[in-house]
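Dear colleague,

I am handing over the structure below for your reference. Please look through it before reading the notes that come after it.

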Amino acid sequence: MARGQSEKRILSNRLEPNDYIKGFCDLHSPLDQHEALVEAERCLFCYDAPCQTACPAEIDVALFIREITTNNTLGAAKTIFDQNIFGGMCARVCPVEILCEQACVRQTSEGKPVKIGQLQRFATDLAMNEDKQFYRSQSSTGKKIAIIGAGPAGISCAHRLSMLGHEVEIFDAKPKSGGLNEYGIAAYKSVNDFAQKEINYILKIGNIKIHHNKALGQDFTLKELENNYDAIFLGLGLGDVNNLNIKNESAKGVEDAIDFIAKLRQEHDKSKIPIGQDIVVIGGGMSAIDAAIQAKLLGAQNVTICYRRGKEQMGASEYEQQLATSKGVVIKHWLSPKKIKTKHGKLASVKFNYTELKNGKLMDINQSLTLKADQLFKAIGQNLISESISELQLKSKRILVDDNMQTSNKKIWAGGDCIFGGDDLTVTASANGRDAAIDINKKLLGGAK
Amino acid sequence: MADLRNKFAGIKSPNPFWLASAPPTDKAYNVERAFKAGWGGVMWKTLGEDGPPVVNVNGPRYGAIFGGDRRLIGLNNIELITDRPLQLNLQEIKQVKKNWPDRAVVVSLMVPCEEDAWKTILPVVEATGADGIELNFGCPHGMSERGMGAAVGQVPEYIEMVTRWCKANTNMPVIVKLTPNITDIRYPARAAHKGGADAVSLINTINSITSVNLDIFAPEPTIDGKGTHGGYCGAAVKPIALNMVAEIARDAQTKGLPISGIGGIENWRGAAEFMALGAGNVQVCTAAMIYGFKIVEEMISGLSNWMDEKGYNSIDEFVGKAVPNVTDWQFLNLNHITKARINQDLCISCGRCYIACEDTSHQAIMATKDGERHFEIMEDECVGCNLCVNTCPIENCIDMVVLKTGEIDERTGEKVSGDYANWTEHKNNPGAA
């Protein structure tokens with residue numbers, strides 16, 4: 001029996017079973033054949049298309065859309081995968097409204113871009129549903145490459161290396177592959193275990209071995225890998241989360257948003273996930289939005305995102321912000337958390353100071369707001385765990401790489417969120433992995449290939 | 001509201017929009033619906049000689065070409081003339097004409113190329129009270145294999161002969177419908193004129209295969225694995241029809257011969273274009289077959305509003321008004337110099353003009369300026385071809401600007417002369433005087 005939204009405390013089963021199914025179903029239903037054709041025909045096949053330039057993986061968007069219009073949908077899928085083997089996931093999670101679709105000239109001319117993301121999904125879904133394999137592992141070069149991290153950067157790198165004839169071994173600290181594709185990202189963007197299906201599809205290329213539950217620094221060292229492999233790629237992601245650094249941060253009810261998001265992804269039956277009545281989310285990026293919307297979908301009565309700066313500075317796109325508010329999430333700006341108040345060791349409320357920008361500096365002003373809360377999700381950014389890679393040169397606490405994704409150690413490449421300049425996007429991670437693989441191949445084989 | 005009343009080859013109708021002889025005018029039911037919708041007249045679907053009616057295929061009769069969003073722009077058909085008994089058609093024609101005395105009811109005819117066959121059918125048609133006849137010399141499929149339709153229309157001597165027989169054996173106005181499946185439309189038109197035709201109508205459909213089924217390797221529409229060429233019509237054929245109408249309108253030998261314009265007319269503008277090129281009225285078929293009879297409402301209001309705006313009180317005031325401006329290439333003014341100009345406020349930077357010009361034309365458009373994506377005409381390379389205007393997805397974004405007398409054409413470095421000069425007197429023309 002549903003417990004409803006008005007009960008206090010952190011409770012599971014707040015809603016009717018159907019509400020969970022409805023709330024956590026696919027955010028956008030996929031285009032059918034006719035819809036895809038009508039949408040594809042809107043594409044103008046631009047010269048040096050701005051959408052392609054705006055895509056971090058530089059997918060030839062105009063070409064794959066033209067292939068859809070001629071009913072060559074598998075050709076379209078290959079055009080996408082050639083640049084981004086995670087084209088399926090990116091079609092679901094890319095903030096297209098600030099990438100390809102923002103650049104679309106139809107956006108300029110009529111405020112309605114071609115639905116590039118949806119079309120990409122149409123094409124890649126077909127290829128994956130038909131299990132059409134476009135790539136085969138090349139005959140062996142005899143080179144062995146170790147990859148740390150089975151997220152989009154690591155898997156993409158592995159796939160390209162396999163294409164180029166190298167043997168790959170991946171080590172990942174988690175029990176499953178996928179990185180943030182599996183443990184991050186709102187559940188309604190990756191339904192029906194899509195992340196695992198995609199990884200399985202990609203790995204069919206062969207010559208890639210994955211070792212799960214193997215963490216760098218605990219189970220092996222970088223030095224050991226250096227001795228046993230011809231090259232190393234680091235797709236570590238960001239393993240550490242930022243803290244608010246205020247009192248009572250360890251009180252019951254205070255959690256990291258990414259843990260909450262991961263828990264949602266790993267739980268098939270969402271009704272089992274307990275949620276409070278009054279939720280406060282602190283942060284302004286995608287994790288804040290993902291946590292807030294899903295808290296609402298679980299039946300929280302009040303969900304408030306508090307961000308210390310203004311709307312324009314939020315990391316989450318305008319579209320994502322609107323999605324959150326349309327689900328009933330309240331977004332408040334210019335609020336900096338100051339105090340976590342507890343009652344019997346449990347979170348009771350959060351006190352914020354209002355802020356403003358003075359000469360470009362964020363300052364507290366003498367005005368405060370206290371929000372009742374039984375659950376608080378922190379989504380204020382993540383950090384690289386750098387102890388085990390201390391030999392590598394870092395910049396702003398991220399791994400420094402050159403244009404070819406090579407680190408200060410000539411045997412080590414890196415990509416994804418862990419590098420300096422990373423932008424927290426699956427598509428960028430995938431492109432990094434691809435580019436690193438191409439460079440590794442070049443450097444390992446010299447001028448031979 | 002402008003007066004749309006029309007008199008064509010002596011036949012009166014409340015407006016110049018007639019339905020062409022085709023499936024929409026096959027029987028009283030359709031024709032009554034058309035008249036209720038507002039059509040000015042119909043060409044009753046072609047009648048053949050008495051006896052067992054023709055049969056049609058029992059599989060698909062149409063093939064189609066689509067534009068974006070499945071907008072049908074070209075249709076092809078392999079339907080024959082009416083497959084209903086002659087007497088039934090005659091009864092219905094008589095009744096419809098009685099019910100709608102103000103509308104034009106013209107009967108399309110196709111019988112074998114023998115005078116007796118025509119002598120037999122003409123009186124029975126005339127007895128219905130029909131306003132006129134249209135000789136179907138155009139049907140390109142099926143009937144032509146039996147020596148009728150286009151088989152007659154492709155031989156000017158036959159056209160003249162049959163037209164003469166008809167004029168000798170009926171008092172009804174005789175309109176000769178021409179096939180476009182010939183090399184020079186003026187010859188059949190002249191033949192009709194010589195035979196005494198009251199008017200010609202054109203174009204009939206064009207021989208075509210619309211598509212090929214790549215699974216079974218057969219043309220579409222496919223009947224039991226085979227296909228045949230059909231008659232192509234719809235918006236896609238309009239340019240071909242406009243040219244043929246203009247050729248007849250400006251031919252000295254057929255000057256003044258009334259023309260009923262047919263071919264891809266979908267709206268008032270298409271109708272006005274045909275009329276400007278000399279058509280006294282127009283016939284529509286495919287557009288009605290796609291959208292139904294209601295489209296005539298748009299045609300009536302559109303033409304009428306345009307006439308009001310331009311100050312034309314009657315149709316006659318603009319029929320043929322564009323004919324004097326249709327000329328031969330050799331008489332075009334070579335001193336008329338235009339340059340494309342991109343309106344940067346409207347440009348959406350799709351770059352289609354650039355790639356069209358760069359890959360296939362004159363390399364006269366730049367794609368970057370100061371390192372930024374920016375499309376601009378380089379007038380020193382622009383020949384004024386207009387391709388960029390046509391590839392641009394935004395209306396009026398690229399203009400063709402006419403250089404004024406005295407301005408420098410940056411491509412040639414020469415001053416624009418205000419004089420008219422054509423090929424006939426050009427220095428490169430070996431035949432120039």
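The notes below go through what was found in this structure, topic by topic.

Please bear in mind from the start that this is a predicted model.

**Chain B as a whole**

The secondary structure of chain B consists of 12 helices and 22 strands. Its radius of gyration is 25 Å, close to the 22 Å that the globule rule gives for 433 residues, so chain B is as compact as a globular protein of that length. Buried residues make up 45% of the 433 in chain B. Among the contacts in chain B with a separation of 6 or more, 71% join residues 24 or more positions apart.

**Where the two chains meet**

The contact between the chains involves 10 residues of chain A and 12 residues of chain B. On the chain A side, helix α8 (residues 105-110) gives the largest share, three residues. That side of chain A is made up of six nonpolar, two polar and two charged residues.

**Two helix pairs**

In chain A, the axes of helix α4 (residues 61-69) and helix α5 (residues 73-83) come within 7 Å and cross at roughly 165°. An angle over 145 degrees counts as roughly antiparallel, and α4(A) and α5(A) are therefore roughly antiparallel to each other. The crossing of α4(A) past α5(A) is left-handed. On α4(A), the contact is made by L63(A), F64(A), E67(A) and I68(A), and on α5(A) by T73(A), G75(A), A76(A), T79(A) and I80(A). By class, this contact has five nonpolar, three polar and one charged residues.

In chain B, helix α1 (residues 28-37) and helix α2 (residues 86-99) have axes that come within 10 Å and cross at roughly 20°. Angles under 35 degrees count as roughly parallel, and α1(B) and α2(B) are therefore roughly parallel to each other. Their crossing is right-handed. From α1(B), the residues A28(B), V31(B) and E32(B) meet E92(B), Q95(B) and V96(B) of α2(B). The residues of this contact divide into three nonpolar, one polar and two charged.

**Buried positions in chain B**

Is I185(B) buried or exposed? I185(B) is buried, because 24 other C-beta atoms lie within 10 Å and the cut-off for a buried residue is 20 or more. I185(B) sits in the loop between β9 (174-177) and α6 (186-195) of chain B. Leaving aside neighbours within four places in sequence, I185(B) is in contact with L178(B), P180(B), L202(B), M244(B), E247(B) and I248(B). I248(B) is 63 residues away along the chain, yet the C-alpha atoms of I185(B) and I248(B) are separated by 7.3 Å.

In helix α11 (residues 352-360) of chain B, the residues R352(B), C353(B), Y354(B) and C357(B) are buried. The buried residues of α11(B) pack against β18 (365-369), β19 (372-377), α12 (387-391) and β20 (398-402) of chain B.

**A partly exposed residue in chain A**

Q118(A) belongs to helix α9 (residues 116-129) of chain A. With 19 other C-beta atoms within 10 Å, Q118(A) is partly exposed. Beyond its neighbours within four places in sequence, Q118(A) is in contact with H28(A), L31(A) and E39(A). The C-alpha atoms of Q118(A) and S6(A), 112 residues apart along the chain, are separated by 38 Å.

**Backbone details**

Two cis peptide bonds in chain B should be noted. One joins L202(B) and I203(B), with omega about 10°, and I203(B) is found in the loop between β10 (199-202) and β11 (206-208). Another joins E220(B) and P221(B), with omega about 0°, and P221(B) is found in the loop between β13 (218-220) and β14 (230-233).

In chain A, D131(A) has a positive phi, near 50°, although this residue is not a glycine. D131(A) is found in the loop between α9 and β1 (144-148) and is exposed, with 9 other C-beta atoms within 10 Å. N213(A), also not a glycine, has a positive phi of about 55°. N213(A) is placed in the loop between β3 (208-211) and α13 (222-228) of chain A, and counts as exposed with 12 C-beta neighbours inside 10 Å.

With kind regards

Terms used. Residues numbered from 1 in each chain as written. Chains lettered and ligands numbered in written order. Predicted model: local features only at pLDDT ≥ 70, side-chain atom pairs only at ≥ 80, totals over all residues. Helix = DSSP H or I, 4+ residues; strand = E, 2+ residues; numbered from the N terminus. Rg over C-alpha atoms; globule rule 2.2 N^0.38 Å. Contact = placed C-beta atoms within 7 Å. Nonpolar A, V, L, I, M, F, W, Y, C, P; charged D, E, K, R; others polar. Axes fitted to C-alpha atoms, helices over the stretch in contact; angles between N-to-C directions. Parallel < 35°, antiparallel > 145°, perpendicular 65-115°, else oblique. Left-handed = near helix turned anticlockwise from the far one by under 90°.
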